[in-house]
Amino acid sequence: MAGRILIVEDEAAIARFVELELQHEGYAVDKAEDGRSGLELALTGTYDLILLDIMLPGLSGLEVLRRLRREKETPVILLTARDTVMDKVSGLDMGADDYITKPFAIEELLARIRTALRKRPSPQADNRLTLGPIAMDVARRQVTADGTPVELTAREFDVLKLFLENPEIVLSRETFLSRVWGYDYVGETNVVDVYIRYLRSKLDSACGRSLIHTVRGVGYVLREA
């Protein structure tokens, strides 16, 4: 069995279509048609991944995600008809792992699912990353600077994790898109610049000095000097 996936989608035809395709790929599938029942299943069941529509009756998908993230780190891919940058940023900032806009090709969705499942941390992985004053507890998804907690969004955390895994190495925007966003991103690469600007501001404030440096025309590097 490839894994267990929960589909929270109120459009019955879409939910059934995705269910059949996932079952064909070897996944076990549960479904919910509204936000409240979806949240209950997500909290009480054991799932490898959740496909979550944003526009749901009862509770919106974003509210389901917000409540879920209080207790679980189950990978979540948002399904939605919305296509604005702010909608995408809102979902990702609340802890979604990925975002796909309807209508979508089932092959793309399956690829996103495989990527999200591959990104799950290994139990044997080193759970602590450090550089200078920055310390990251990967398992607890906590970051401190000189012992003081630094509040990061889910995407900012993943960007910093990639930096800490590659200290003193210049990373391109394409590397961030591939390794953090987890798929071949088609669109403007300035989304990377936006998140690094947010992250840099928080770290500069916490550390009293800049650790993320821009290498013009190449990318970004995390270093103390």
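**Close-up 1. Helices α1 and α5 cross with right-handed geometry.** The model shown is predicted. Helix α1 covers residues 12-24, and helix α5 covers residues 106-118. Their axes lie 11 Å apart, at an angle of about 60 degrees. The two helices are therefore oblique to each other.

Close-up 2. From α1, the contact draws on Phe 17, Val 18, Glu 21 and Leu 22. From α5 come Ile 106, Leu 109, Leu 110 and Ile 113. Seven of the contact residues are nonpolar and one is charged. No polar residue takes part.

**Close-up 3. Four strands build an open sheet.** The strand order is β6-β7-β8-β9, with antiparallel pairing. Strands β6 (128-131) and β9 (148-149) form the edges. Each has a single partner strand, so one side of each is left without a neighbour in the sheet.

**Close-up 4. Strands β7 and β8 pair within the sheet.** Strand β7 spans residues 134-137, and strand β8 spans residues 142-145. Four bridges link the two in the antiparallel sense. Met 136 stands opposite Val 143 of β8.

Technical notes: Residues are numbered from 1 along each chain as its sequence is written. This is a predicted model: local features need pLDDT of at least 70, side-chain atom pairs count only at pLDDT 80 or more; totals for chains, interfaces and linings use all residues. Side-chain values use heavy atoms; hydrogens and water are left out. Axes are lines fitted to C-alpha atoms, for helices over the stretch in contact, and angles run from 0 to 180 degrees between N-to-C directions. Angles under 35 degrees count as roughly parallel, over 145 as roughly antiparallel, 65 to 115 as roughly perpendicular and the rest as oblique. A crossing is left-handed if the near helix is turned anticlockwise from the far one by less than a right angle, and right-handed if clockwise. Contact means heavy atoms within 4.5 Å. Ala, Val, Leu, Ile, Met, Phe, Trp, Tyr, Cys and Pro count as nonpolar, Asp, Glu, Lys and Arg as charged, and the others, Gly among them, as polar. Two strands pair if DSSP finds at least two bridges between them.
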